[in-house]
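Hello,

Please find the structure below. My notes on what was found in it come after.

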Amino acid sequence: MIRLEGVVVRVGGFALGEIGFEIPSAGYGLVIGPTGSGKTTLLEAIAGHLPLRAGRILLRDRDVSRAAPEERRIGFVYQQYHLFPHRSVEENIGYGLRGQVAGSRSQRIRELAELLNLSPLLDRRIAGLSGGEQQRVALARALAPRPDILLLDEPFAAVDPATRRALRREIRAIHEREGITTLQVTHDFEDAMRLGDVVAVLAEGRIAQAGTPDQVFRYPNSAFVAEFIGTGTVLRGVVERARHDGATDGHFGAHFRSGALDLEVVAEREGPAYAVLRPVDLMVSRSATPGPAPRNRFSATVTRVEPGSAIAHIHLDASGTALVAAVMSTTAEELGLVPGLTVMVAVKATAIHLI
Amino acid sequence: MSASRPVSPWSLAVWVLGALLVLFVAGPLARLLIQARPASLAAAFRDPELMASLWLTVLTATSATVCSVLLGVPLAYLLARVPFPGRRIVAGLVELPVVVPHPVAGIALLLFLGRQSPVGRGLAALGLEVVNHIPGIVAGMLFVSAPIVASSAREAFRSVDPKLERVARTLGDTAWDAFRRVTLPLAGRSVLAGAVLAWARSVSEFGSIVILTYNPKVASILIYDRFTLFGLPAAVPAAAVLLLLALVVFVVVQLLAPDGGARR
């Protein structure tokens, strides 16, 4: 378990906090945020490299707020790996196993080398390794002393996409096998969706939103979060209660007006608001075929088609408002979507997320 | 088309100017070694006064270098890693002796360590006579060589990413262990090269020692002494011996330098 309570850290002019966040035992937590939001600072504070101005850090129910880094039982993997260049792969992995019996030491090294496909590289020097290999060595080195907590700083930032996918799978598998509570920082929401049990979005030194990746993705609580994690198009407008619409559970039928767009929505409150439209919720068709009742329908012009292997992103102009829809690539071809074409767009009132 | 390009006046000038400087440096040194004929060089190695003076030089230079390392390396580490108030002032202060003319350094040290000063009296009370004694030689050498060790060690520590130490700490090392197991092995070669340079600088020191401790004579003073008392022919063999010693040190530094030929 990792628990941060009111953590405040200052580095030069940068202030981080207050941060409150918890990852349950054997959980995989992600902190995502743009460059400069304080992600690495947060990890270094947890590892004990930076002093706390306020707050507490609990690892496995143990208050380590004042403990030296070597007393915290943490494995740390930096973005740039930071392997010891004067030692071999084997010596790097075994670095933290000092004081152990030679037999159990080499057994643990072999075990991790096998797990991470490093066995043929054990005698190699660091200089000749590829990025993916270095990342695996860094991971093995961090895991070797069986730490309570694993901290990963942008572990996939410096590797190619194929290696990234492989490493994601491996890290998740190792995480489950070793049952180690893990905290990873990343700027890539993809990592959060694929790996995380818990995710926190960091913005300018503070946590903007925390929850399960699905929750955060579906229901971003601010325009910043919605835009940063790429939930969808964020529109700024005003909510007005629809006439003759009785409220249920505090929700009521309403209109959301943004520019020339007037959308039916289900709202909790009136007044200025943001609406998040996810690309997958926008349905694009050539003609105005009648469909189920509570749908918003409006015409739009295709401005750009962004092809993808499975999903194509269709950029639209709806009376001056820019929107993005996601359709199957095959559908996009069948519909003959090209820039300049006028299409009908439909979206369910319940699919529009208001902030 | 011809394979060789015509030589431009610009590149010709670069080569000629460069060659002039090489000649200017190599010429006098070669001349000195040629002038000291093998027979007189052999005699110089049997000259008890010169040999005693060389031993004194090596001994005092080594002492000064050990002091430079003991005092300079910790300071260099602080300057490279710990952001304390006034760090830039301290860094500048440590480098200051480089621009101080050596006789000026000698006079300053004389005032500071002589019997007239409280520091000198204190040291004398502890039985450590500095001026006109061997410690005076070491003091002069230390003053001019410590900046070399401090600045080369500082650059060496700076070149080691502090995150390597942080990784070592999370792997169970104390701050001292991380320094000993990671930073020192990575910076050690440069620190050592700096120490050898400081040693060479100590051996060649004259200006401050001539003021602090003329007797017993280190090699540079002995050579100067013979030149003023007996003229050029008397000074040449001793000068050649000291030059040979300098050449040995030079080769060692080249081998130790991080971009030197012996790198693995």
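Of the 355 residues of chain A, 52% count as buried, where buried means under 20% relative accessible area with a 1.4 Å probe, protein chains only. The model is predicted, so local features need pLDDT of at least 70 and side-chain atom pairs count only at pLDDT 80 or more, while totals for chains, interfaces and linings use all residues. Residues are numbered from 1 along each chain as its sequence is written, chains are lettered from A in the order in which they are written, and side-chain values use heavy atoms, without hydrogens and water.

Chain A has nine helices and 20 strands; these are DSSP runs, with helices being H or I of at least four residues and strands E of at least two. The C-alpha trace of chain A spans about 75 × 45 × 35 Å along its principal axes. In chain A, 64% of the contacts with a separation of 6 or more are between residues 24 or more positions apart, a contact being heavy atoms within 4.5 Å.

Is Thr60(B) buried or exposed? Thr60(B) is buried, because its relative accessible area is 2%. Not counting residues up to four places away in sequence, Thr60(B) touches Ile134(B), Ile137(B), Val138(B), Met141(B) and Val218(B). The side chain of Thr60(B) also reaches the backbone oxygen of Leu56(B), at 2.7 Å.

Regards

Terms used
Buried < 20%, exposed > 50% of the residue type's maximum accessible area, 1.4 Å probe, protein only. Polar contact = N/O pair within 3.5 Å; in protein donor to acceptor, adjacent residues only side chain to side chain.
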